[in-house]
Amino acid sequence: MSPSRTITLDGDLIADARALRDAFGCFTTGVTVVTTCAGDGRQVGFTVNAFSSVSLDPPLALVCVDLKASSLPVLEQAGKFSVNVLHADQEDMARRFTVKSEDRFAGLECETWDHGVPILPGCMANFELETEQVIDAGDHRIFIGRILKVRFDPEHEPLVYLRGQFRRVHTD
Ligand SMILES: Cc1cc2nc3c(=O)[nH]c(=O)nc-3n(C[C@H](O)[C@H](O)[C@H](O)COP(=O)(O)O)c2cc1C
């Protein structure tokens with residue numbers, strides 16, 4: 001078993017980032033794809049594990065988006081988005097929504113609900129949200145959305161992300 005490490009962040013950007021990645025990577029998350037669409041109908045989507053529930057009343061959730069994400073201007077402009085929670089057999093979907101040089105939606109039969117954003121098929125859960133608040137935080141932008149509609153199938157096993165890898169967990 002590897003020993004635990006204690007690291008003081010001292011301003012060495014490369015070393016600090018490595019330590020942070022390794023430490024954050026100890027926190028197991030689910031995997032989602034955030035989608036939205038531009039005014040001209042162009043669809044964008046990208047894989048996100050920085051998704052969290054925020055509030056039940058009002059119904060709020062958040063995603064953290066890298067300032068370098070090319071989808072960011074569309075997400076800001078649209079004022080609405082969907083969060084699609086992937087199940088264990090959707091690792092390909094998670095990878096597809098990180099690849100730069102392809103139409104990430106090619107061959108996917110997405111539906112739309114009330115606000116026109118793509119809802120990915122066959123997911124463990126889908127949330128449709130309207131952007132309520134945007135907060136800049138370091139090199140990310142936090143989008144807090146009001147949840148308008150949900151679909152979920154708790155019978156699926158989730159896709160999880162831990163220590164930089166996609167993994168499965170068996171749920172009883
Ligand atoms: C497992 C996983 C989780 C990710 N989580 C996030 C995230 O929470 N926020 C984010 O901005 N990017 C995240 N990314 C990176 C984006 O999916 C990736 O940079 C994507 O290509 C951005 O697309 P875009 O530049 O077309 O907007 C994640 C990637 C992976 C593989």
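Me: In which strand is Thr35 found, and how is a strand assigned here?

Reply: Strands are DSSP runs of at least two residues, numbered from the N terminus, and Thr35 is found in strand E2, residues 32-37. This is a predicted model, in which local features need pLDDT of at least 70 and side-chain atom pairs count only at pLDDT 80 or more, while totals for chains, interfaces and linings use all residues. Residues are numbered from 1 along each chain as its sequence is written, and side-chain values use heavy atoms, with hydrogens and water left out.

Me: Does Thr35 count as buried or exposed?

Reply: Buried means under 20% relative accessible area, exposed over 50%, and partly exposed in between, with a 1.4 Å probe and protein chains only. Thr35 counts as buried because its relative accessibility is 0%.

Me: Which polar contact joins the side chain of Thr35 to another side chain?

Reply: A polar contact is a pair of N or O atoms within 3.5 Å; within protein, one must be able to donate a hydrogen and the other to accept it, and residues adjacent in sequence count only if both atoms are side-chain atoms. The side chains of Thr35 and Ser82 are joined by such a contact of 2.7 Å, and the Thr35 side chain also reaches the backbone oxygen of Pro118 at 2.6 Å.

Me: How many residues surround the ligand, and which are the closest?

Reply: A residue is near a molecule if one of its heavy atoms lies within 4 Å of it. Here 17 residues surround the ligand, the closest being Thr47, Asp66, Ser70, Ser71 and Lys100. Strand E3 (43-48) and strand E5 (60-66) each supply at least two residues of this shell.

Me: Does Arg168 count as buried or exposed, and where does Arg168 lie?

Reply: Arg168 lies in strand E12, residues 165-168, and counts as exposed because its relative accessible area is 51%. The C-alpha atoms of Arg168 and Ala88 are separated by 5.8 Å, although these residues are 80 residues apart along the chain.

Technical notes: Helix = DSSP H or I, 4+ residues; strand = E, 2+ residues; numbered from the N terminus.
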